[in-house]
Structures are given as structure tokens and as C-alpha cells.
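Here is a friendly tour of the structure shown below. Have the viewer open as you read, and follow along from one stop to the next.

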Amino acid sequence: MAVAPQQQRADLREPAGWRRTKNRIATVLMVLSFVVVIIPLGFVLYTTIAKGASAITGSFLTSPIPSVVEPVNVGGIWPAILGTLEITALATVIAVPLGVLGAVYLNEYGGNNWLSRFIGFMADVMTGVPSIIMGLFIYSIWVLHFGYSGLAGALALGALMLPIVIRSSYEMLRLVPDSLRQGSYALGASKSRVTLTVVLPAAVGGIVSGALLAVARAAGETAPLLFVILGGLTTGNANVFHGANIALPMLIFQNASSPYPGAQARGWGAALTLIAIAFILMIAARVVTARFARYAR
Amino acid sequence: MQRLRVQQVTTAALAIVVSGFSLAACSSSGSGGSGGSSGPSGTLNASGSSFQLLFQQAAIQQFRTIQPNVTVNYGGGGSGKGRSDLAAGTVNFAGSDSPIPSTETANFAGKTVLYFPVVIGPITMSYNLPGVTSLKLTPTVIADIFQAKIKTWNDPAIKAINPGVTLPSTHITLAVRADSSGTTQNFSLFLMTAAPSVWKLGSSSTISWPSGAQAGSGNGGVAQIVHATPGAIGYVDYADAKAAGLTFASVQNKAGQYIVPSTTAASAAAAGVTVAPDLTFAAVWAPGATAYPITYQSWDLVYQKQSSASTAKALKAYLGYLLGAGQKLLPALNYAPLPASIDAKAKAQLSKIG
Amino acid sequence: MSVVIPADQAAPGSVPASGLTARAGLGDRGFRWLTLAAGLLVLVILVLIAVSTSQQASQWFSTEGLKIFGTKWDPATNKFGATPFIYGTAITGVIALVMAVPVSVGIALLLTEVVPYRFARPIVYVVDLLAVVPSVVWGLWGILVFAPWIQHTYASIGSGVNGVPVLGNLFGPPTSGPSFFTAGIILAFMITPIVTSLSREVIATVPTIDREGAYALGATRWEMIRGVVWPHSQGGVVGSVLLGLGRAVGETIAAALVIGSSPEITSHLFATGYSMPAVIANQFGEASGVFKSALLGLGVLLFAFTIIINVIARGAVERSTRRMRGA
């Protein structure tokens with residue numbers, strides 16, 4: 001077998017013709033989809049900042065809620081900030097562990113049996129329940145017996161978050177390669193140990209992603225809270241388990257469509273605050289997860 | 001080694017969260033106060049009419065300075081929600097722009113509900129016609145406009161009652177409420193009472209408006225539509241219309257006079273109504289030469305029998321404030337205070353709570 | 001880290017064997033029951049919601065019978081036909097999906113295949129920012145800024161296609177800023193982060209070996225995506241699309257603000273319309289009696305609607321995965 005006298009350099013360019021064009025078009029479309037998303041986001045943020053930034057001062061963030069007619073330099077939105085933080089935190093504590101555990105059952109224990117397929121299907125159906133129906137549901141089974149409270153709000157938001165956390169965690173757990181699991185079993189670990197120490201850490205990035213999206217949605221929901229926490233507060237309620245409460249989305253909704261300029265500025269200031277709080281939390285969570293994921297690898 | 005650190009961090013975080021919640025749960029509800037036998041104290045929860053919302057917020061703010069141990073939370077949400085919350089017992093009093101309708105009386109079976117009228121206000125016919133600063137409307141014309149039988153501003157029917165005003169040929173855009181509301185209920189009640197042969201759409205908190213009507217959320221939303229759309233006309237609460245800087249039309253009342261909406265004209269309307277023994281009345285289409293015809297009212301509904309003496313005390317204190325010193329807050333908010341006779345009757349009813 | 005082989009914890013009397021054949025320990029079984037309970041909780045909550053909502057809606061079902069599918073909704077004259085809302089929910093959901101899914105999958109692919117790792121972070125943060133905008137802000141921006149602006153575009157398109165057979169019926173007049181189409185667009189913005197984020201996570205788990213194999217065979221990036229990434233991740237991507245659909249169909253406040261609040265069935269996408277969550281949000285506060293029961297009945301119908309959609313979607317995925325596996 002004769003060896004070619006010269007080694008031919010590998011041709012690393014894209015193939016000529018239609019295949020290359022298709023590739024280029026695909027890349028352009030992908031970039032375009034990102035651009036398509038940035039534009040409205042930019043406009044929304046611009047509107048929120050333009051209308052709300054002037055309201056943000058130290059006292060705005062820490063003062064009690066004034067009457068709607070008051071100008072923007074009177075009072076603030078502290079009760080709503082407190083309400084959003086405590087209700088969303090409680091909802092997260094309720095929904096995320098339950099959701100992840102549920103996904104663990106579906107993926108690790110349930111396999112393909114009818115129960116886990118049914119639960120998975122029902123979790124999908126549950127994501128389609130309108131947020132307002134969730135609020136009305138919690139009203140009829142909880143508020144009617146125990147009165148208005150931040151806990152009721154947390155239950156309503158948690159119920160909204162639960163199916164999202166389950167579905168996203170399930171998808172992530174499913175994609176953890178079996179080789180990881182089998183290696184752990186081979187070393188003699190029990191199933192719970194494998195799940196807790198190998199599978200979950202391997203999927204933690206995706207699970208946290210899904211959980212963050214669920215939290216972001218919960219923090220921004222208005223409709224369910226309208227029926228279960230009452231609102232109308234002027235001073236903060238630090239007790240999330242008892243007594244009426246208020247949250248930023250409710251305040252935004254009430255104020256931003258009011259004709260009083262003070263109320264409008266307060267509403268948009270509250271919107272800006274909510275976006276800022278949620279965004280900072282998301283970034284923090286992603287940074288923390290990335291750090292742990294690095295260790296896990 | 002790293003897993004240990006992860007475990008430590010997670011445990012620490014969980015501990016912080018759990019202790020935070022238990023601290024909050026164990027601490028007494030901050031708004032309770034120490035419930036001394038001297039003054040009223042406690043928390044009052046209320047929901048209902050958004051027409052009252054402005055008044056309630058201002059009153060709550062002032063009431064705090066008089067009775068710091070009583071916390072009142074008024075959540076709004078609509079008259080219907082207020083009534084159903086009261087029926088369910090989740091609120092102490094409810095704001096409602098209309099008396100309990102027959103479909104809901106079953107929810108209150110066996111319990112006596114007291115009506116306390118608290119505020120009166122006009123509903124304006126706000127419009128956006130550049131160059132037209134004064135406009136006169138009659139109930140029949142309004143009914144035809146809002147059923148899309150009159151479609152342009154220079155319609156002969158409008159021209160007939162506005163001699164000397166140049167009306168453009170702009171198409172009329174209706175600005176209505178997207179959400180159900182007591183304002184819609186009373187506006188449609190006015191049309192049904194004042195133009196019964198013409199108005200066919202009934203009286204309800206939700207009306208099926210003709211297609212092409214633009215719907216806004218809340219009085220503020222309707223005001224915003226009128227403000228932004230030349231040729232628009234909508235029904236907006238007086239307080240919101242003034243805050244939005246809208247122009248309003250004068251409406252012909254029962255006595256045949258064209259009245260511009262104002263708090264005095266609303267009080268004049270309320271002064272002329274017949275009040276039932278339970279203090280319910282309807283201020284629309286009221287008699288009186290200076291009465292504004294589209295005036296409405298709002299009540300605070302309370303159970304006569306209260307389960308706890310301290311709640312009864314707090315209710316009497318707060319409602320007493322609304323009917324007394326609180327009425328002075330109303331003109332600045334562009335609402336009309338109650339006529340003296342109705343106010344006196346309401347105050348007399350306070351002692352029944354207990 | 002030393003490895004501990006769990007001691008045999010089987011019932012007394014049985015032959016102690018290596019840890020591999022031991023009965024699961026108490027902690028292990030406890031964990032299993034815990035996860036089962038968590039999974040069942042979903043069913044319990046859903047059953048409770050279905051039962052309590054149906055109970056309150058039964059008055060409407062019994063008084064109206066089949067008229068619940070009527071086309072007129074007029075509480076003042078006691079007409080409660082649900083079809084305008086079913087139609088509106090379906091239309092806005094479809095519009096939202098049609099717009100959001102290609103964009104979201106495109107961004108997910110951009111992040112995993114095209115962009116170098118260090119530039120991926122800022123793009124992820126931008127998508128996160130999209131997710132943290134509250135629904136009420138989307139609604140307010142939609143009605144105060146977007147709808148008035150896009151009204152002119154609708155009007156020009158409308159007058160342009162007026163009279164043309166199919167396009168005229170879809171995009172012709174009457175046009176309005178708040179409309180089915182505007183609601184669909186706003187919903188698309190809202191569901192993009194969830195579909196993007198989840199798809200990205202799913203696509204990121206495609207084994208690098210498979211990717212490199214495709215490249216080694218001379219595939220272009222697009223061919224690699226089609227041949228390697230897609231078969232591996234299609235189940236997960238469909239799962240994320242279903243999550244997005246759920247959000248689009250259940251979104252209340254944003255839809256209520258920008259859909260136009262007019263219960264009419266019309267093929268004109270630029271006309272005002274209504275959707276089930278929007279009407280419940282708008283009219284529940286003042287409803288009582290049959291009216292209230294009808295609004296809750298809409299919730300029950302939405303349930304049924306979501307179940308049907310999920311069955312169809314799941315079926316389609318299973319059929320195509322079977323085909324892929326067989327291929």
C-alpha cells in the first residue's frame with residue numbers, strides 16, 4: 001500500500017453549498033431569537049425604571065403604606081416588601097422540598113408504573129390551573145376556617161410552584177446517567193443514599209434552575225393573593241402565620257392603574273423593587289449553585 | 001471534606017429559616033395590643049367596595065392617631081366580595097355599594113345585618129372632545145350612546161340639547177369597566193330608572209356592552225382610556241375623574257335642570273332620598289332642583305350580633321369615627337359627606353352593635 | 001472517603017448476606033415512603049381542587065345543562081355561555097406557543113451550542129431577568145405602552161388585508177390594541193424564560209461524546225443539532241413546552257389587562273376577546289349565585305381542557321419517541 005507522498009491537511013471549513021447555508025441560517029435564527037427577546041425586556045425595564053426609579057429612596061423602602069392620594073414622598077412600601085419576602089420564603093420552603101421529593105419518587109422509585117405516570121400527568125395538568133382558581137381554592141378550604149394569613153398566601157403560591165418544581169426536577173433527574181447510579185450501587189450504597197448523595201447533586205444545577213423559576217413566578221403573582229391575604233395593610237405584619245398581609249404585586253396592581261400621580265409612582269417604584277429583589281435572589285442562587293456544582297465535579 | 005462543608009452550610013441555613021419562622025409564629029401578632037379594658041383595641045379586617053377604598057384609607061390613617069390600639073385593614077376587592085366575605089365570617093365589616101341582593105340573602109340567613117351609610121359620590125360622564133368644554137346630556141341620550149344607537153358626536157340627538165356647541169363628526173368610543181363593579185351597577189340602575197323605555201341592558205355589576213367598547217380595569221383604567229382616546233366617553237367616579245383631569249358633562253336631573261357633577265350636588269341628591277328603616281336607599285335619579293342625577297352611595301355592613309365584646313367595641317369606635325369626624329375628610333377627597341339626617345340615623349344605629 | 005457496606009438489617013433468622021441482598025434499612029424505606037407521600041400530595045391537592053371547584057360549579061351545570069356551551073355571556077340577563085372564553089383561552093395559548101417555542105428553543109440552542117461558555121452567563125441572566133418581571137408588570141406595560149403602540153400596526157395590517165379571503169378574516173378589521181394577539185404576545189414573553197431555561201438544562205446533558213462523534217463524521221452544527229441533540233432532548237423539551245403552555249393558559253392578571261375584556265367569538269385575531277382566567281379575575285369580586293357558580297365552572301372546564309391538551313401532547317411525544325428509537 002503506497003503512502004501518499006504528502007499528508008493532506010484536513011479540510012476544516014464548512015461543507016460548501018446548501019449544507020453550509022442551512023447552518024448559517026440556523027445560527028442567524030438562534031441569534032435573532034435572543035434579540036427578539038431582549039427588545040421587549042428592554043422596553044419593560046425601561047418603562048419600569050422611568051416610572052419608578054424616582055420613587056426609590058431609603059424612606060420609601062422602609063415606611064408604612066400611606067393612603068392612595070398621598071404624594072410619593074409620603075410613606076412607602078415596607079409592609080409589602082416584608083409580606084412578599086416572608087410569604088414567598090414560606091411558599092418556597094413548602095413547595096421545593098416536596099416537589100423535589102415527588103420528582104425523586106417519580107424517577108427513582110416509580111419507574112414506569114401507572115401511578116408515577118399518572119402523578120406526572122397530573123402534575124402537568126396542575127401547571128395549567130389558573131392562579132386565581134388556586135387562590136379561590138385556598139380561600140374555600142383554608143381561609144374560611146382559619147382566617148386571612150400570610151400562610152394561606154404561602155399555601156396558594158406553593159400550590160402554584162409545586163407542579164413546576166416537580167416537572168423540572170423530574171426532567172433533570174431523568175437525565176442523570178444511570179452509570180452514576182450503578183457505580184454507587186456497586187459500592188454498596190442504599191437507594192436513598194445513592195439518591196441523596198449522587199443523583200441529586202448531579203442534577204442540582206437544573207433543579208435549582210427550575211425551583212428559581214417557580215419562585216420567580218410565585219413572587220410576581222397577584223391573583224391568588226387577592227383572595228387569601230386580604231391586603232389593605234398600612235403597617236407591616238411580621239407574623240406570617242396569623243393576620244392579614246399584603247404583598248408587592250397586590251400593591252403594584254392597586255396603585256399603578258390609579259389616577260393619582262403619587263400612587264402611580266409608588267406602584268412603579270414597588271414594581272422596580274420587586275424586580276430587583278427577585279433578580280438579586282436569582283443571581284445569588286445561581287452563583288451559590290455553581291460553586292457547589294464545581295465542588296461536586 | 002467539602003461535603004461536610006455543604007452539610008454545615010445547609011444545616012445552618014435551615015436552622016436560620018426555621019428559627020425565623022418560629023420566632024414570628026410565637027411572637028404575638030403585633031397589631032393586637034395588650035387589650036386593656038380601658039380603650040378599644042384589636043384588629044378589624046374588612047373588604048368590599050372599591051368606591052369606599054380612598055375614604056377608608058384616609059380614615060384608617062387618621063384613626064390611628066386617635067385610637068392607636070385598633071388596627072383596621074380594608075382590603076377592597078369589590079362589593080360582592082365584601083358581602084360574601086361577611087357571610088363567610090372572614091371579615092368584621094364589608095363595604096357595599098348596593099344592599100344585599102335577593103340572590104344572596106340566603107347566605108345571611110338567621111343573622112341581622114346592619115347598614116351604615118358612610119359616603120356619597122357622583123359618577124361623572126367624562127368625555128374627551130378637544131375644543132368642547134361644556135356638554136349637556138339627558139338620560140335618554142346617555143342610554144342611546146351606551147347602547148351604540150348614537151354613534152357619532154354630531155348626532156342630531158346630541159346637537160338638539162347642545163345648541164351653540166360645535167360637535168365634531170368623530171366616532172364615539174365607549175369607555176367601560178372590564179371588571180365588575182358597584183359603579184357599573186349604580187350607573188346602569190340610573191339608566192334603568194331614568195330612561196326605562198330606552199335602556200335595554202339591565203342593571204348589574206357586569207353589563208354586556210356593545211362591541212367596540214374599550215374596557216379598562218377600575219375607575220382609573222376607564223379614566224385612562226377617556227384621557228387617551230379622542231372621542232371617548234365613559235362613566236368615571238368623580239374623585240378619579242378629577243384626579244385624572246377629565247372634562248365632565250352636565251346631566252339633566254329629575255327636575256329638568258342640567259347639573260354639573262360636584263360634591264354639593266351629590267349631597268343635594270342624597271338629601272332628597274327616601275330612606276328605608278334599615279337605612280338603605282338609592283341616590284340615583286333623586287328629586288331636587290340641584291341634585292345630581294347619577295349619585296351613588298356606599299354602606300358598611302356589620303352583623304348586629306358580635307361574637308366578642310372587644311370586636312364590638314372596636315367596630316363601634318371605628319364606624320363612629322367614619323360617621324363623625326371622618327366625614328370631614330370627604331370633601332378633600334372629592335366625595336360628598338352624608339346629609340345630616342342620614343348621618344344622625346346611622347349614628348343612632350351604632351348602639352345596636354353588640 | 002471510606003466506603004461502608006451497610007450491615008445486614010434483615011429480619012432475625014434469615015441468613016446474613018452481603019449488603020447487596022439485604023432488605024432495605026428503615027431509613028431507606030422511610031425515604032421511599034416520604035417520596036411517595038410527596039408525589040401523592042400532588043394528586044391529593046389536585047383532587048381537592050377539582051372536587052371543591054366542581055361542587056361550587058354544580059349549580060351552574062345543573063341550571064344550564066348543555067347551555068353552558070352557549071355563546072352569549074350576559075350576567076345581567078342570566079346568560080352564562082362559556083364558549084367565548086374557551087375559544088379565547090385556546091387562541092391566546094396557541095399564539096403564545098407558536099411565538100414562544102421557536103424563540104425559546106433557539107435561545108437554548110444558542111446558549112449550549114453556539115456561544116462560548118464565558119459569554120453564556122450574561123445571556124442566562126438576561127433570560128432570568130425576563131422571568132422575574134411580575135405578571136402584573138407585564139400586564140400594565142402591555143396596556144399602557146405596548147397596546148397603544150401596536151394598535152397602529154394592527155390598523156395598517158388590517159386595512160391592508162381587508163377583503164383578502166383568509167388573511168382578511170384573520171387579520172382584518174376590527175382591530176384594537178388590547179386583543180387576542182396582544183395577549184398572545186405578552187403571554188409569549190412570559191413563558192419564554194421557563195421554556196428556555198428548562199430546554200437549556202435538558203440540552204446541556206447531551207453527552208459530549210455524541211456531539212463530537214457527529215462533528216467527526218463531518219456534520220455541520222445544525223446537522224449535529226438535528227441528529228444528536230434533538231433526539232436526546234426532545235422529551236425534555238416537550239416537557240418544558242407543556243409547562244409553558246400551562247402557564248400561558250393559566251395566566252390571569254396579565255391576560256385580564258390586555259385581552260380587551262369582550263366576550264365575543266371572532267376569527268379576527270386583532271379584535272378584543274376574553275379568556276377564562278381573565279373573566280374570572282374581572283367578574284368574581286361582584287358575582288353571586290349562579291353567576292359565581294358559572295365562573296367556577298369555567299375553572300372546571302379549564303381543567304378538562306388542560307387534561308385533553310396534555311393527553312394529546314403526551315401521545316404525540318410518545319409516538320415520535322417510539323419512531324426515533326426504532327429508526
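A residue counts as buried when its relative accessible area is under 20%. Keep that cut-off in mind while looking at this predicted model. Glu171(A) has a relative accessible area of 1%, so Glu171(A) is buried. Its salt-bridge partner is Arg167(A), with the closest N and O atoms 2.9 Å apart. Arg167(A) is buried too, because its relative accessible area is 6%.

A second pair in chain A is worth a visit. Glu108(A) and Arg181(A) join their side chains in a salt bridge of 2.9 Å, N to O. This one ties together distant parts of the chain: Glu108(A) belongs to helix α3 (residues 78-109) of chain A and Arg181(A) to helix α7 (residues 178-186) of chain A, 73 residues apart.

## Where chains A and C meet

Now turn to the interface of chain A and chain C. Here 90 residues of chain A are in contact with 93 residues of chain C. About 8,000 Å² is buried between the two chains, and carbon and sulfur atoms account for 78% of it.

Polar links are present as well: 12 residue pairs are in polar contact between chain A and chain C, and 2 salt bridges cross the interface. In a salt bridge of 2.6 Å, N to O, the side chain of Arg19(A) meets that of Glu223(C). Helix α1 (residues 18-52) of chain A gives 19 residues to the side of chain A that touches chain C, the largest share. Over all chains, the salt bridges number 15.

## The two domains of chain B

Which parts of chain B make up its domains? The domain assignment gives domain 1 (2-119 + 298-352) and domain 2 (122-270). In their contact, 11 residues come from domain 1 of chain B and 12 residues from domain 2 of chain B. The area buried between these domains is about 870 Å², with 54% from carbon and sulfur atoms. On the domain 1 side, Asp97(B), Asn334(B) and Ala336(B) supply 47% of the area buried against domain 2 of chain B, more than any other three residues. Between the two domains there are 0 salt bridges and 0 residue pairs in polar contact.

In soluble globular proteins, nonpolar side chains tend to be buried together. The largest nonpolar core here has 299 residues, and those with the most contacts inside it are Met125(B), Phe146(B), Phe187(B) and Leu298(C). Domain 1 and domain 2 of chain B both give residues to this core, so it lies between them. Another core, of 10 residues, lies apart from it and includes Ala175(B) and Val236(B).

## A last stop in chain C

Ile150(C) is found in helix α4 (residues 135-161) of chain C. Its relative accessibility is 8%, so Ile150(C) counts as buried. Beyond its neighbours within four places in sequence, Ile150(C) is in contact with Thr182(C) and Ile185(C). Ser176(C) lies 26 residues from Ile150(C) along the chain, and their C-alpha atoms are 8.8 Å apart.

Conventions:
Residues numbered from 1 in each chain as written. Chains lettered and ligands numbered in written order. Predicted model: local features only at pLDDT ≥ 70, side-chain atom pairs only at ≥ 80, totals over all residues. Heavy atoms only, no water. Helix = DSSP H or I, 4+ residues; strand = E, 2+ residues; numbered from the N terminus. Buried < 20%, exposed > 50% of the residue type's maximum accessible area, 1.4 Å probe, protein only. Contact = heavy atoms within 4.5 Å. Core = buried A, V, L, I, M, F, W, Y, C linked by side-chain atoms within 4.5 Å. Domains from an automatic or database assignment. Buried area = accessible area lost by both parts, 1.4 Å probe. Salt bridge = Lys/Arg side-chain N within 4 Å of Asp/Glu carboxyl O. Polar contact = N/O pair within 3.5 Å; in protein donor to acceptor, adjacent residues only side chain to side chain.
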